[in-house]
Amino acid sequence: MRLAENFKSKIIWKDVISAFILVFNSLVWYTLTYALFTDVINGLQVSSSERLIMFIVYYVGAGCSAILGSVFFSRTRKIDFLTWIITGSVMTMLLVIIANNNMPINILVCLLLGISIGAGLPSCLAYFAEATTVENRGVCGGITWTAIGFGTFILALLMNTLDTAIAFLILAIWRTSGLVAFSFSTSKNAIEQAHTVPTYRSILQRREVMLYLVPWIMFSLVNFIEAPMLDRLFGDFRNLVVLIEFALMGLFAIIGGLLADLVGRKRVIITGFVMLGIGYAALSLFSGTQVSWYLYTTFDGVAWGMFASVFFMALWGDLGEHYEKEKYYALGGLPFLLAGLLPIIIEPYTGSIEVVAAFSLASFFLFLAVLPLMYAPETLPEKKIRERELKGYIEKAKKIKEKDT
């Protein structure tokens, strides 16, 4: 009830819908395009070094374009979004030209695809942050991420039965449909807003940013370094694990977002790190037992849901405060984006790594990552938390009084 009242008074719904559609369309497209792109590259009859070069070029393009996009997109955001969406659609269709025997063309396509993905993502998420308020950004992010998960799952099932070229065509059409977002925007100012522009140096010098960024980097490294080890451990069971985690993430993205708006981001993040640490500890201590598999799957799915609503959607917008938020989202997104290259590099060596030792180290570093968070300030204003607690007490008192009378 209180949450609904807060939404009515604080949210300009047309702006939120516009931002929701843009983020939803962009992240579903990014997830499925990368999955198909990976399948195509892995299916080429090329050497492992050539395959690695193509992935590196893709990640370099995505990372560099995200940094540059965070600088330039905020100035003419509307026209830049239009260009970004159309370019992404064209690049998705061009993926069909990747061939076994044309390495220069393959490298160019990989670079352009990376650029078409990274260039607008920080500004896209910054637009979402500006369309919401600090009091409800968490739950809005949770709802958005749940929709992203559901949309990704449905489209993946559809494309799984289709030829690769047709799947790329569907993704290109899906990407183009993101232009619908602009029909919901209430005004030009809903997309282009003037804010104080921070430098990357000034952002990194902020103590609160580093106290959140360092644990996030540690999580990103652990998550992707351990991915090949999990594939090796679970084997054929891995697909079921991913499906269960997907469902849990969708559910707990909303719950995590709601809790983030009620009790604060910091508590939700710390809870997520502790759950991940317990999950890896279970795999280490009870290695080989299916009980440890179920424990890990449950804790990992719940933690991912919490992180999706807070780390991906809300936190960097909170830290951006009254500043232009593109660079905050770029810094927050780069560790996770670039760490995606790690499984590709590590996979050939997983056979020589002891699984139990790897999971023990993962658990240790995740628990260690909690230490900076203990000193991090809460990004949800303390005043808002106290106001909601007071309203809760008043409502309970009213209910008790009504029962007594």
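Which residues in H7 meet which residues in H11? In this predicted model, the H7 side of the contact consists of Arg 137, Gly 138, Val 139, Gly 142, Ile 143, Trp 145, Thr 146, Gly 149, Thr 152 and Phe 153, and these meet Leu 243, Phe 246, Met 249, Gly 250, Ala 253, Ile 254, Gly 257, Leu 258 and Asp 261 in H11. Sorted by class, this contact of H7 with H11 has ten nonpolar, seven polar and two charged residues. The protein chain around it contains 18 helices and zero strands, and buried residues make up 54% of its 405 residues.

**The chain as a whole**

- Among the contacts in the protein chain with a separation of 6 or more, 87% are accounted for by residues 24 or more positions apart.
- The accessible surface of the protein chain comes to about 18,300 Å², and carbon and sulfur atoms hold 69% of that surface.

**Packing of H7 and H11**

- Helix H7, which covers residues 137-159, packs with helix H11, residues 238-262, at an angle of about 165 degrees, and the two axes are 6 Å apart.
- Because angles over 145 degrees count as roughly antiparallel, H7 and H11 are roughly antiparallel to each other, and the crossing in which H7 passes H11 is left-handed.

**Packing of H12 and H16**

- The axes of H12 and helix H16, the latter formed by residues 355-368, come within 8 Å and cross at roughly 160 degrees; the two helices are therefore roughly antiparallel to each other, and their crossing is left-handed.
- On the H12 side, the residues that take part are Phe 273, Val 274, Leu 276, Gly 277, Ile 278, Tyr 280, Ala 281, Leu 283 and Ser 284, whereas H16 contributes Val 356, Phe 359, Ser 360, Ala 362, Ser 363, Leu 366 and Phe 367.
- By class, the contact of H12 with H16 has twelve nonpolar, four polar and no charged residues.

**Leu 276 in H12**

- Leu 276 is placed in helix H12, which runs over residues 265-285, and it counts as buried because its relative accessibility is 3%, below the 20% cut-off.
- Although Leu 276 and Asp 300 are 24 residues apart along the chain, their C-alpha atoms are separated by 5.6 Å.

- Ser 292 lies in helix H13 and, at 0% relative accessibility, counts as buried; with neighbours within four places in sequence left aside, Ser 292 is in contact with Ala 282, Leu 283 and Phe 286.
- The C-alpha atoms of Ser 292 and Ala 281 are separated by 8.9 Å, and these two residues are eleven residues apart along the chain.
- Asp 318 is also found in helix H13, which covers residues 290-320, and this residue is buried, with a relative accessible area of 7%.
- Apart from neighbours within four places in sequence, Asp 318 is in contact with Val 134, Arg 137, Arg 265 and Thr 379, and Arg 137 is also one of the H7 residues that meet H11.
- Glu 321 lies in the loop between H13 and helix H14, residues 326-339, and has a positive phi of about 45 degrees although it is not a glycine.
- At 45% relative accessibility, Glu 321 counts as partly exposed, whereas Asp 318 is buried.

Methods: Residues are numbered from 1 along each chain as its sequence is written. This is a predicted model: local features need pLDDT of at least 70, side-chain atom pairs count only at pLDDT 80 or more; totals for chains, interfaces and linings use all residues. Side-chain values use heavy atoms; hydrogens and water are left out. Helices (H or I, at least four residues) and strands (E, at least two) are DSSP runs, numbered from the N terminus. Buried means under 20% relative accessible area, exposed over 50%, partly exposed in between (1.4 Å probe, protein chains only). Contact means heavy atoms within 4.5 Å. Accessible areas come from the Shrake-Rupley method with a 1.4 Å probe; for residues, only the protein chains shown count as cover. Axes are lines fitted to C-alpha atoms, for helices over the stretch in contact, and angles run from 0 to 180 degrees between N-to-C directions. Angles under 35 degrees count as roughly parallel, over 145 as roughly antiparallel, 65 to 115 as roughly perpendicular and the rest as oblique. A crossing is left-handed if the near helix is turned anticlockwise from the far one by less than a right angle, and right-handed if clockwise. Ala, Val, Leu, Ile, Met, Phe, Trp, Tyr, Cys and Pro count as nonpolar, Asp, Glu, Lys and Arg as charged, and the others, Gly among them, as polar.
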